[in-house]
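User: I am new to reading protein structures and would like to learn how to look at strands and helices. Could you take me through some examples?

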Protein chains: 2
Amino acid sequence: MNLYEKLADEIEEAVRRGVFAPGERIASVRQASQHHGVSIKTVLHAYALLESRGVVETRPQSGYFVRESAAPRAARKTALAGAVASEVDVSRLVLSTLRSIRANDAVPFGSPYPDPSLFPWRRINQYANAIARRHSSWNLIDDLPPGNPELIRQIARRYAENGVPVDPDEIIITVGATEAINLSLQAVAKPGDTVAVESPTYYAMLHAIERLGMRAIEVPTHPADGIDIDALAEIIGRQPVAACMVMPNFQNPLGFQMPDARKKRLVELLAAHGIPVIENDVYQELYFGDTPASTLKNFDTNGLVLHCASFSKSLTASYRIGWAMPGRYRAQVEKLKFLNTLTTPSVPQVAVADYLRHDGYDRHLRQVRKAYRQRARIMTAMVQRFFPAGTRTSAPQGGYVLWVELPERVDSMRLYQAALAHGITIGPGYMFSTKNDFRHFIRLNYSYEWTAQTESALRTLGELVAQMA
Amino acid sequence: MNLYEKLADEIEEAVRRGVFAPGERIASVRQASQHHGVSIKTVLHAYALLESRGVVETRPQSGYFVRESAAPRAARKTALAGAVASEVDVSRLVLSTLRSIRANDAVPFGSPYPDPSLFPWRRINQYANAIARRHSSWNLIDDLPPGNPELIRQIARRYAENGVPVDPDEIIITVGATEAINLSLQAVAKPGDTVAVESPTYYAMLHAIERLGMRAIEVPTHPADGIDIDALAEIIGRQPVAACMVMPNFQNPLGFQMPDARKKRLVELLAAHGIPVIENDVYQELYFGDTPASTLKNFDTNGLVLHCASFSKSLTASYRIGWAMPGRYRAQVEKLKFLNTLTTPSVPQVAVADYLRHDGYDRHLRQVRKAYRQRARIMTAMVQRFFPAGTRTSAPQGGYVLWVELPERVDSMRLYQAALAHGITIGPGYMFSTKNDFRHFIRLNYSYEWTAQTESALRTLGELVAQMA
């Protein structure tokens, strides 16, 4: 094959793959000659060939453009097809649920994320913009782990105001709580180790354990009180447990707030055995009560609590700002953060710090809490109205998800597929355990505003459940 | 202890820890009462006690403020002290070097990052700002792995223009190349596996291997040609090798560009044994020649090349936008990305896509390449001038680091410490190997503008070397 034919084939292939869009200008002859290291003449030949094939066209004085008719070979695969495998791979299932929300504009009952329209998006971006204008450049080195010092101070201040004891030197900024949890787990346990989790548990915990080659042991967890401490004690007495992962405040999916006395007992039990505990506290600010919830840190005297949190549920998700307060494991987590992603993007860190300093956060959170409290009530009432007898719901004390027990004959995975066909997503119970204990349970997100469309979707869902029951 | 004393103690402790800065307002009596779940009276008592202790003061009509005299107990520990352990822990050494640059405003010869003042910071931020104004909110779901579709298309387009064959569907956006490399390695090898690397190698490769519980085997690497393919073939013949990690373009620290024929041979050798190869190509755009460098992807017919790159060396480091093109391991890497950090921040992704679409990138890169070519020449000449006989330098064909062999008696770690005392950082050879093969080598960053201060620092460094030689 001639050099010019090879070049023409390459460009045509790129067009077919959608790299260049119809109507888009391709490189000038001179640019292409430089980039591909071939002569001007070769490029001219190649472009003429592409013209004759109907792939590009020339426009006088402006160059070569991809023809409107030269569409990509096939539309991008949509994620929906084959979203649900017969064998349950939890992380794939989670990703598929999220994708079907995006691809189909589906009703997001299945989403784990809060309604982004409640976030003070404009205000935070104004801070980001001001930072960008203030600095003539940004040195990556300034925000190396542990992270931007002012953001760290603002986070520490927030904890102090919420009655949580905190040392700013302990805080390490991460890419969301997801990274904080992964790094914390890697800091305290090694492949093959056993890690105790709640059951049901937030699936990100199971993913972190699986990915690091560890083994999860599921501890029965009460919908109103949290992890069964006696059962945990028995497990610890029976076998080595390297770590424990819990969500004491507004647990996903159950929504409980563990009472202070039980938090204290949990910390003491684990401390007595020298077992570190990873506390996922991303919902702390979304309480429905009158005062902020305490954390395991409030009861930690040995530095064995690795506390993880983020702004993704309370302020902005797309900025991806989380943090870890890893107690005595601080040095290890800081090093792992450096190895995993080097630093967390700078401007988002400083923008959040500026937002926090300028005091709108409390007002914003009061609004969000009020909205979620109302929406929890509406969703609960509507489930009771539309779903068949034998359906039971959790009583969330914070956060924005409802846990629903369906009549026993309903398989949540079959329901998931049937709902998806109606453009509705749900969180099937399979996601929340490695066992099959929650096959007739689902998780519903109530963070979005209640509309006629939502109501109609929930009614449809109720009908599907009734058919399966 | 009374409740109000406890509250006062907590707040005082927070002030001593620097959580609240001198002059800063603390929570109002009403806020504090709500947050701590105590009565207004208790807060008033606590605040009065803090006033009597000289920790806070009242200002009429405005509330309670931390007194200027109530300074934190001690200045934050600076990272410099104890930066260098006697036993070499490479990742700690790297982090310490970076911190001493920040903490002491030291001469950044030791930095692995390019001079940020060459980045088009203002323009990219203008795009970010425009995006923020255009959208009323941002749904995290829109940028789930593989990432923002428009950014992916722009990256694919750039490869196509540079003569690298690419399928947009293969690209996965990550938090910098660091994350791409970590995930790629985890996708192809498991704990206990052996991974072949160049020697010297970029230390992030060693960190990734160590962190995942794998074992590095170091393959001799030629300063002008790259990894010794015969030596690699021999190793593969002798023992199982799960993966190979290389940097064929402008390798850090050597600066070579592997000739096309050798790239092809490397890909073929590994393909013949079914061994995946992770290609770290973060410097691809920083070539000194007339045409873009090819990549291992140009020669890959089996999908065994996992190509990793980022914009951190060529466009913006603080945005942390990288990507992987993992060939046949695409599904695994995408899943791992989801588990590791969920998504990469959205606005930075779209801002970079917009910047790329509006065509300033080529012009910007031409300026950067010209600057680096000049600065490489200056740095090389100055090393020859200031360093004692027996010093030899690499001949970088791209990128922004120079590899310097010192007279054999010089220990680069002792030099590192001596230089640091003069406010100068260097990259000691110890960083680039798990063995002690490069104890009398150092890496110097030449991306910064050459100034009288730089020259004086390099002269001092040369004198220190002469003393030790």
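User: Which unit do β7(B), helix α10 of chain B and β8(B) make?

Analyst: Please keep in mind that this is a predicted model. Strand β7 (residues 243-246), helix α10 (residues 260-272) and strand β8 of chain B make a right-handed β-α-β unit. The strands β7(B) and β8(B), the latter covering residues 277-280, run parallel and are joined by 3 bridges, with V246(B) standing opposite E279(B).

User: Which way do the residues of β7(B) point, and are they buried or exposed?

Analyst: In a regular strand the side chains alternate between the two faces of the sheet. In β7(B), A243(B) and M245(B) point one way while C244(B) and V246(B) point the other way, and all of them are buried. β7(B) also pairs in the parallel sense with strand β4 (residues 194-199) of chain B, over 3 bridges, and there C244(B) has A196(B) opposite.

User: How should I read the helix, and which residues of α10(B) are buried?

Analyst: An α-helix has 3.6 residues a turn, so residues three or four places apart point the same way. The buried residues of α10(B) are R262(B), K263(B), L266(B), V267(B), L269(B) and L270(B). They cover an arc of only 160° around the axis, which puts them on the same side of α10(B). On the face turned away from that buried side are the exposed residues A261(B) and A272(B). What covers the buried residues includes β7 and β8 of chain B, as well as β6, α9 and β9 of that chain.

User: How far apart are the end C-alpha atoms of α10(B), and what span should its residues give?

Analyst: At 1.5 Å a residue, the 13 residues of α10(B) should span 18 Å, and because the end C-alpha atoms are 18 Å apart, the two values agree. Just after this helix, G274(B) takes a positive phi of about 65°.

User: Which strands are joined to β14(A) by bridges?

Analyst: Strand β12 (residues 401-405) of chain A runs antiparallel to β14(A) and is joined to it by 5 bridges, with V401(A) standing opposite N445(A). Strand β13 (residues 427-428) of chain A is also antiparallel to β14(A), with 2 bridges, and here the bridge partner of G427(A) is R443(A).

How values were computed: Residues numbered from 1 in each chain as written. Chains lettered and ligands numbered in written order. Predicted model: local features only at pLDDT ≥ 70, side-chain atom pairs only at ≥ 80, totals over all residues. Heavy atoms only, no water. Buried < 20%, exposed > 50% of the residue type's maximum accessible area, 1.4 Å probe, protein only. Helix = DSSP H or I, 4+ residues; strand = E, 2+ residues; numbered from the N terminus. Pairing = 2+ DSSP bridges. Right-handed = clockwise from strand over helix to strand, strands pointing away. Expected span 1.5 Å × (residues − 1). Arc of directions from axis to C-beta. Contact = heavy atoms within 4.5 Å.
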